[in-house]
Amino acid sequence: MDKVYLCAISNIRSGACREDCRFCTQSVKWGANINRYREKSIKTIVYEAKLAKKNRASGFCLVTSGKGLDDKTLEYVGRASKAILKEVDITIIACNGIASKVALKELKNCGVKIYNHNLETSQEYYPKICSTHSWDERFKTCENIKSVGLGLCCGGIFGMGESEEDRISLINSLKKLNPEGIPINFFIENKKLPLKATHTKEFAIDMIKKIRKEFPNSIVMMAGGREVVFKETWIEGIKAGANSIVIGDYLTTKGEKPDKDIEILKKENIEIANAC
């Protein structure tokens with residue numbers, strides 16, 4: 001492994017979603033006990049970007065809950081991106097749901113370089129985890145992202161009851177998109193959510209190996225659920241083929257302290273990338 005890319009997430013609009021994704025605590029349908037707010041202040045977002053840069057992150061992702069990139073969300077994310085780039089040399093990633101080409105072009109004009117939109121699971125299994133929007137809408141957004149010249153970050157969530165055939169189907173769909181970055185998330189249980197986790201560390205390592213084999217040139221990221229699945233042994237995921245991790249907290253769950261992750265990488269003599 002030559003280099004590992006670090007990415008930080010800022011949940012700038014939390015828990016304000018009326019979709020019914022069965023894996024997501026941010027859906028108001030499930031009533032999970034999370035911190036909910038409409039808009040994080042631009043000042044706070046810039047501060048978090050500075051902290052991410054200090055912690056060696058090369059990417060900083062602006063995430064909003066909700067179905068998609070409507071006009072109000074577009075204005076807010078664009079304003080945040082411009083404010084960050086005035087003060088911080090970091091790659092801006094946006095993750096704001098289903099989006100049109102017009103909206104994505106505007107985000108690009110505001111300095112966003114990469115758009116993250118996961119397929120989550122197979123086309124066949126998706127109706128069992130969400131009924132308020134379709135898998136096809138997600139796939140179309142990914143095509144839109146590539147068509148306007150933004151980098152595509154697209155992966156899924158594993159261990160939420162899908163079959164091996166579903167996982168193969170998801171990988172085949174990702175092949176059609178050929179994303180530059182592939183986040184591998186492992187489902188995190190919550191007592192309010194209707195799904196139960198169906199993963200183990202051995203399963204996680206196997207998934208990382210399979211995705212690395214199919215996407216030798218992509219950045220393969222261990223994202224949500226890394227701490228749950230691997231606990232203190234997450235470096236095994238790097239050795240299995242991942243070359244990126246999320247540092248700090250996730251959207252609604254706590255992550256490991258960045259300095260602890262960095263210390264482990266240094267101990268393994270793994271170089272941290274300066275840019276993505």
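Student: Which residues lie nearest the centre of the second largest pocket?
Tutor: Ile-9, Lys-40, Glu-48, Asp-249 and Tyr-250 lie nearest its centre, out of 23 residues that line the second largest pocket. A pocket here is an open set of points on a 1 Å grid over the protein atoms alone, where a 1.4 Å probe fits, with protein on both sides within 12 Å along at least five of seven lines; lining residues have an atom within 4 Å of a point. This is a predicted model, where local features need pLDDT of at least 70, side-chain atom pairs count only at pLDDT 80 or more, and totals for chains, interfaces and linings use all residues. Residues are numbered from 1 along each chain as its sequence is written, and side-chain values use heavy atoms, with hydrogens and water left out.

Student: Which elements give two or more residues to that lining?
Tutor: β1 (3-13) and α1 (42-54) do, and β1 gives the most, with four residues. Helices (H or I, at least four residues) and strands (E, at least two) are DSSP runs, numbered from the N terminus.

Student: How do the lining residues divide into nonpolar, polar and charged?
Tutor: The lining of the second largest pocket has 11 nonpolar, eight polar and four charged residues. Ala, Val, Leu, Ile, Met, Phe, Trp, Tyr, Cys and Pro count as nonpolar, Asp, Glu, Lys and Arg as charged, and the others, Gly among them, as polar.

Student: Which residues of α4 are buried?
Tutor: Trp-135, Arg-138, Phe-139, Thr-141, Cys-142, Asn-144 and Ile-145. Buried means under 20% relative accessible area, exposed over 50%, and partly exposed in between (1.4 Å probe, protein chains only).

Student: And what covers them?
Tutor: The cover includes α3 (101-109), β4 (114-116), β5 (151-153) and α5 (164-177). Leu-152 is in strand β5 and is buried, at 1% relative accessible area. Not counting residues up to four places away in sequence, Leu-152 touches Tyr-115, Cys-142, Ile-145, Lys-146, Leu-177, Pro-179, Glu-180 and Gly-181, contact being heavy atoms within 4.5 Å.

Student: How far apart are the C-alpha atoms of Leu-152 and Cys-142?
Tutor: They are separated by 7.0 Å, with the two residues 10 apart along the chain.

Student: What is phi just after α4?
Tutor: Gly-149 takes a positive phi there, about 90°.

Student: Where is Arg-56, which has a positive phi without being glycine?
Tutor: Arg-56 is in the loop between α1 and β2 (59-64), with phi near 75°. Arg-56 is partly exposed, at 33% relative accessible area. Asn-269 also has a positive phi, near 60°; Asn-269 lies in the loop between α9 (258-267) and β10 (271-272) and is exposed, at 73%.
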